[in-house]
Amino acid sequence: KQMEKTPKKIEPASATDLRVTWNSGETFTVPYLDVRFACPCAGCVDERTGKRTLVRETLDPAVRPDNF
């Protein structure tokens with residue numbers, strides 16, 4: 001049976017990137033901007049069509065999380 005992959009640690013990796021360490025030991029670094037653009041909420045994705053309404057070019061490239 002495969003182990004379910006879950007985040008073990010989420011922390012800043014740099015001024016622009018987030019680091020996610022999984023329970024498998026794998027570590028991924030993701031730009032904060034990519035995390036913001038992937039938001040699935042109704043303000044970012046049309047609930048009826050599933051079409052992304054958030055426009056990447058309108059995002060502030062300096063976007064950062066408030067906390068972890």
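Mentor: The structure holds four salt bridges, a salt bridge being a side-chain nitrogen of Lys or Arg within 4 Å of a carboxyl oxygen of Asp or Glu. This is a predicted model, in which local features need pLDDT of at least 70 and side-chain atom pairs count only at pLDDT 80 or more, while totals for chains, interfaces and linings use all residues. Residues are numbered from 1 along each chain as its sequence is written, and side-chain values use heavy atoms, with hydrogens and water left out.

Trainee: Which residues are linked in a network of salt bridges?
Mentor: The network links K9, E11 and R19. E11 meets K9 with N and O 3.5 Å apart, and E11 also bridges to R19, where the closest N and O atoms are 3.4 Å apart.

Trainee: What about D34, which residue does its side chain meet in a salt bridge?
Mentor: The partner of D34 is R56, at 2.3 Å from N to O. This pair links distant parts of the chain, 22 residues apart: D34 lies in helix α1 (residues 32-37), and R56 in the segment after α1. Helices (H or I, at least four residues) are DSSP runs, numbered from the N terminus. D34 is partly exposed at 31% relative accessibility, and R56 is partly exposed with a relative accessible area of 31%.

Trainee: New topic: how many disulfides does a search of the whole structure find?
Mentor: The search finds zero; a disulfide is a pair of cysteine sulfur atoms within 2.5 Å.

Trainee: Last one: what sits over the ring of F37?
Mentor: The charged end of R52 does, 4.9 Å from the ring centre. A charge sits over a ring if NZ of Lys or CZ of Arg is within 6 Å of the ring centre and within 35 degrees of the ring normal.

Notes: Helices (H or I, at least four residues) and strands (E, at least two) are DSSP runs, numbered from the N terminus. Buried means under 20% relative accessible area, exposed over 50%, partly exposed in between (1.4 Å probe, protein chains only).
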